[in-house]
Amino acid sequence: MAPPNGNDRDTSGTTRRSLLAGVAALGVLGAAGCSRVATASTKDGGDLLERLRAAGVVRLGIAGEIPFGYIDKDGELTGEAPQLARVIFKRLGVDRVQPVPTEFGSLIPGLNSQQFDVVAAGMYVNPERCEQVIFSDPDYQMLDAFIVRKGNPMGLRDYKDVVEKKAKFATGTGYAEIAYAVEAGYKESDILIVPDQVAGLNAVEAGRVDVFAGTALTTREVVKKSSKAESTEPFKPLVDGRPHVDGGAFAFRPTETRLRDAFNKELAELKKSGELLRILEPFGFTEDEMTDLTAKELCGG
């Protein structure tokens with residue numbers, strides 16, 4: 001996801017403050033249990049799956065982003081990635097999922113330092129991240145879109161417009177959209193980096209920036225109750241001069257290929273049966289977001 005790259009789903013009444021309060025509360029609960037996951041063997045693709053089956057629980061790294069993975073107003077874990085994780089890990093013999101909230105930029109470091117077992121945050125697969133973790137195949141694909149003021153007074157439809165019209169530009173911490181804007185010619189030091197799309201909406205509404213870039217799904221969800229801002233039509237960003245479609249997936253430590261492969265097998269069955277779309281639909285996903293992209297393709301071969 002940009003975070004989702006990689007990735008806030010239900011913006012109806014959920015403020016950033018209440019969301020973070022829920023995250024903080026769950027962080028305390030998680031810390032009360034155990035501060036680190038068990039270290040899996042690095043031999044023969046790792047043995048973490050067996051350890052998870054024995055423990056009966058898998059710890060999911062989430063980044064508080066609707067609709068990918070977040071704590072709702074009732075303090076419950078939800079989002080497309082946690083819900084999909086529930087289904088797949090149940091099939092793998094692991095009955096429970098436990099959230100470990102963190103900032104998006106801390107997901108990969110947290111995974112590799114064993115603070116949780118899997119990243120379940122709708123994270124975009126890209127070559128840079130593929131050097132640090134291994135990904136499942138994507139469970140969704142996504143285009144980009146902008147949050148702009150009502151009526152889109154500057155006529156911003158893609159990153160080229162942002163550069164040519166010298167728009168004040170913002171995006172989220174660790175988002176893939178940073179690189180897309182830079183490729184289009186925007187100076188990275190001039191980009192306003194905010195925590196997420198809720199903060200991006202606030203920046204646009206307050207006039208601090210002209211545009212916030214995020215995923216098509218999160219931008220259209222977050223502006224639903226705004227009287228001052230709207231989401232633009234989705235578009236494909238350019239990567240190396242060619243139109244690009246992102247895909248979001250689960251991330252695993254590089255040693256855990258057995259767990260990744262078992263996860264991929266179950267994911268493929270859900271895609272084939274059509275159950276994947278039924279799982280993701282409540283979070284705003286449509287047939288347009290279903291994909292046959294592979295992690296190998298998005299990692300660059």
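Guide: Let's start in helix 7 (residues 159–164), where K160 and E164 sit four residues apart, so about one helical turn separates them. Helices here are DSSP runs of H or I with at least four residues, strands are runs of E with at least two, and both are numbered from the N terminus. Bear in mind that this is a predicted model, where local features need pLDDT of at least 70, side-chain atom pairs count only at pLDDT 80 or more, and totals for chains, interfaces and linings use all residues. Residues are numbered from 1 along each chain as its sequence is written, and side-chain values use heavy atoms, leaving out hydrogens and water.

Visitor: Why is the contact of K160 and E164 called a salt bridge?

Guide: The rule asks for a side-chain nitrogen of Lys or Arg within 4 Å of a carboxyl oxygen of Asp or Glu. K160 and E164 come in at 4.0 Å, N to O, so the pair counts.

Visitor: What makes D210 buried or exposed?

Guide: Buried means under 20% relative accessible area, exposed over 50%, and partly exposed in between (1.4 Å probe, protein chains only). D210 has 14%, so buried it is. Its salt-bridge partner R149, 3.0 Å away from N to O, has 27% and is therefore partly exposed.

Visitor: How do you know that R258 and E50 tie together separate parts?

Guide: R258 lies in helix 11 (residues 257–273) and E50 in helix 3 (residues 48–55), so the pair links parts 208 residues apart in sequence. Their closest N and O atoms are 2.7 Å apart.
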